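Open your viewer and get ready to click along. We will go from stop to stop, selecting a few residues each time.

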Amino acid sequence: MPHATAPPATGHRPRWWTELPLIAVVYALYSAGRLLVRGDESTAVDHGLGILRLEQALHLNAEHPLNRLFTSTPSLGIPADFAYASLHYLVTPAVLIWMFRRRPAAYRAARAWLMNSTLLGLAGFSLMPTCPPRLLDASHGFVDTMAQYSGYGWWGAGASAPRGLSGLTNQYAAMPSLHVGWSLWCGVLLWRHGRHPLVRAAGVAYPLITTIVVMGTANHYFLDAVAGAAVMGAGALLVRPVVRLADRVKAWGGARFTGPAAVLFAGRDGGRRSPVVESVSVTAPPNVSTGCKTSPGERIPGQRTTSADPPGTAVGGTAGDADDPAASDDAPAAAR
């Protein structure tokens with residue numbers, strides 16, 4: 001996905017006072033939409049069982065062995081629960097801030113990629129509410145590790161949200177897995193723009209570990225993870241048209257607004273030149289003398305004589321005898 005992380009051909013350095021409100025609005029829409037499209041439980045369970053049957057038909061069954069491992073090994077299950085409940089909200093903003101500060105030329109495309117994919121994920125939650133494996137009937141062989149180890153963390157038995165706030169989250173937003181999608185976004189940016197080998201290694205490890213964690217904790221199916229990666233791919237393809245549309249909106253706003261409102265569209269000066277600079281560039285005459293001056297009556301060496309000079313005087317002052325000081329062009333006028 002190089003076009004989603006490559007620097008744009010033109011553009012201004014991003015400014016935090018315009019970026020923060022934009023990111024806050026998109027995240028608020030994502031959070032609110034996630035709650036509004038909960039869907040009914042029976043439909044979500046049917047979708048979850050359908051995914052499980054499809055995986056069995058494709059001979060995909062990574063969730064059960066990982067879930068049994070995390071359930072029987074607290075030293076793996078508890079860190080995995082902490083990772084699921086926190087890294088999603090810590091690493092992604094950290095990478096976004098890193099791009100803003102260290103890779104400003106590529107930041108705009110990276111931010112557009114993340115927002116496109118997040119909104120596509122919200123559409124997936126709306127169209128296909130899905131029950132995660134941990135909420136299926138116990139006969140299907142899954143154990144909710146976050147409920148099992150809830151005494152070790154801040155989350156409750158209902159969800160990864162803080163205790164008592166599970167009702168404020170949509171537990172049936174399993175398809176696609178944005179835990180996996182956002183971790184893939186982080187991994188691609190760390191690999192592409194990181195310079196230290198450890199940073200690039202983290203870019204490879206983070207999405208792989210996240211995929212294992214979401215399945216081992218029984219929060220997502222393997223196909224949820226695949227769908228999360230697909231959503232990120234679709235979001236990357238939309239980066240260029242979205243950036244072009246944003247440029248058109250900025251140009252439109254910069255041409256119609258002045259003052260503080262123009263700063264939001266066309267930069268600090270609203271896309272207009274300073275009148276002081278324009279007046280100086282128009283009224284100031286060019287300096288052709290470069291600081292060289294001559295005193296009155298002084299002649300430039302090698303200058304051709306005028307009609308007031310005696311006939312026969314040539315350039316260089318050699319009309320007749322070259323040794324005659326009166327004939328020299330450099331001699332004073334009284335000597336000629």
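Here is a short tour of this predicted model, with charged pairs and then a pair of packed helices.

**Stop 1: a charged pair between helices**

Side chains of opposite charge can pair when their charged atoms come close. This structure holds 2 salt bridges. Select Arg108 and Asp247 to see one of them: their closest N and O atoms are 2.7 Å apart.

**Stop 2: a charged pair within a loop**

Next, select Asp144 and Arg134. They form a salt bridge too, with 3.2 Å between the closest N and O atoms. Both residues belong to the loop between helix 5 and helix 6 (145-148), so this pair links parts 10 residues apart in sequence. Asp144 is buried at 11% relative accessibility, and Arg134 is buried at 10%.

**Stop 3: two helices packed together**

Finally, show helix 3 (residues 63-72) and helix 4 (residues 74-102). Their axes are 5 Å apart and meet at an angle of about 105 degrees, which means helix 3 is roughly perpendicular to helix 4. Which residues make the contact? Select Leu69, Phe70 and Ser72 on helix 3, then Pro74, Leu76, Gly77 and Ala80 on helix 4. Of the residues in this contact, 5 are nonpolar, 2 are polar and none is charged.

Methods:
Residues are numbered from 1 along each chain as its sequence is written. This is a predicted model: local features need pLDDT of at least 70, side-chain atom pairs count only at pLDDT 80 or more; totals for chains, interfaces and linings use all residues. Side-chain values use heavy atoms; hydrogens and water are left out. A salt bridge is a side-chain nitrogen of Lys or Arg within 4 Å of a carboxyl oxygen of Asp or Glu. Helices (H or I, at least four residues) and strands (E, at least two) are DSSP runs, numbered from the N terminus. Buried means under 20% relative accessible area, exposed over 50%, partly exposed in between (1.4 Å probe, protein chains only). Axes are lines fitted to C-alpha atoms, for helices over the stretch in contact, and angles run from 0 to 180 degrees between N-to-C directions. Angles under 35 degrees count as roughly parallel, over 145 as roughly antiparallel, 65 to 115 as roughly perpendicular and the rest as oblique. Contact means heavy atoms within 4.5 Å. Ala, Val, Leu, Ile, Met, Phe, Trp, Tyr, Cys and Pro count as nonpolar, Asp, Glu, Lys and Arg as charged, and the others, Gly among them, as polar.
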